[in-house]
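Visitor: I've got a few "how do you know" questions about this fold. Could you walk me through it?

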Amino acid sequence: MIAWLLYGSLEQRTGGTIYDRIVIEGLRARGVAIDVIEPRGSRNVLLRTLLRARVIVGDELCFREIAFAFPRLPHAKRILLVHHLTCWEGARTRVLEARALRASDLVVTTSEATRTRLAHEGYRRTIG
């Protein structure tokens with residue numbers, strides 16, 4: 001089972017959520033079991049939920065929860081999906097986003113520009 005961390009619902013009409021929905025629908029059409037999980041709330045409940053997942057995909061917007069959960073879930077393949085880092089907009093999120101990046105086994109970017117920027121910042125385990 002793949003656990004996919006995403007704020008809100010797949011029905012949201014934002015660029016990142018539409019991207020996630022297309023990928024998830026494509027995987028499900030190929031028979032892959034995916035549970036979409038809203039990560040906000042109790043951190044203990046989130047960890048218990050993720051313990052049964054073999055693969056965890058976290059949308060980077062959930063970086064706060066990912067920075068907490070990924071280091072505590074070494075049993076699973078942890079994949080961070082990066083559309084764009086919030087800290088690139090000057091927000092004070094760099095430490096938690098960096099923690100989420102370091103705790104990921106793989107970082108998937110949605111554009112070559114994002115992959116190049118992450119590589120320039122020292123994150124080499126990226127594909128885009």
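Visitor: What kind of β-α-β unit do E4, helix H4 and E5 make?

Guide: A right-handed one, with H4 spanning residues 94-103. The name applies if, with the strands pointing away from the viewer, the path from the first strand over the helix to the second runs clockwise. Bear in mind that this is a predicted model, where local features need pLDDT of at least 70 and side-chain atom pairs count only at pLDDT 80 or more, while totals for chains, interfaces and linings use all residues. Residues are numbered from 1 along each chain as its sequence is written, and side-chain values use heavy atoms, with hydrogens and water left out.

Visitor: What makes E4 and E5 a pair?

Guide: Two strands pair if DSSP finds at least two bridges between them. E4 (residues 77-82) and E5 (residues 106-109) have four, in the parallel sense, so they pass. Ile79, for instance, sits opposite Leu106 in E5. The labels themselves are DSSP runs numbered from the N terminus: helices are H or I with at least four residues, strands are E with at least two.

Visitor: How many bridges join E3 to E4?

Guide: Five, and the two strands run parallel. Gly58 has Leu80 of E4 as its bridge partner. The chain gets from E3 to E4 through H3, and that β-α-β crossover is right-handed.

Visitor: What is the strand order in the open sheet?

Guide: E2-E1-E3-E4-E5-E6, six strands with parallel pairing. E2 and E6 (126-127) are at the edges because each has a single partner strand, leaving one side of each without a neighbour in the sheet.

Visitor: Why is E4 called largely enclosed by the rest of the structure?

Guide: Buried means under 20% relative accessible area, exposed over 50%, and partly exposed in between (1.4 Å probe, protein chains only). Five of the six residues of E4 are buried, so the strand is largely enclosed.

Visitor: Why does Thr114 count as buried?

Guide: Its relative accessibility is 4%, and the cut-off is under 20%, so it qualifies. Thr114 belongs to helix H5 (residues 112-120). Contact means heavy atoms within 4.5 Å, and Thr114 touches Val82, His83, Trp88 and Thr109, leaving out residues up to four places away in sequence.

Visitor: How far is the backbone oxygen of His83 from a polar atom of the Thr114 side chain?

Guide: They're 3.2 Å apart. A polar contact is a pair of N or O atoms within 3.5 Å; within protein, one must be able to donate a hydrogen and the other to accept it, and residues adjacent in sequence count only if both atoms are side-chain atoms.

Visitor: Why are the buried residues of H2 said to be on the same side?

Guide: In H2 (residues 43-50), the buried ones are Leu46, Leu47 and Leu50. They cover an arc of only 95° around the axis, which puts them on the same side; the arc is that of the directions from the helix axis to the C-beta atoms. Asn44 and Arg48, both exposed, are on the face turned away.

Visitor: What makes a set of residues a nonpolar core?

Guide: They must be buried Ala, Val, Leu, Ile, Met, Phe, Trp, Tyr and Cys residues joined through side-chain atoms within 4.5 Å. The largest such core here has 30 residues, and Leu50, Ile56, Leu101 and Leu118 have the most contacts inside it. H3 gives the most to this core, with five residues.
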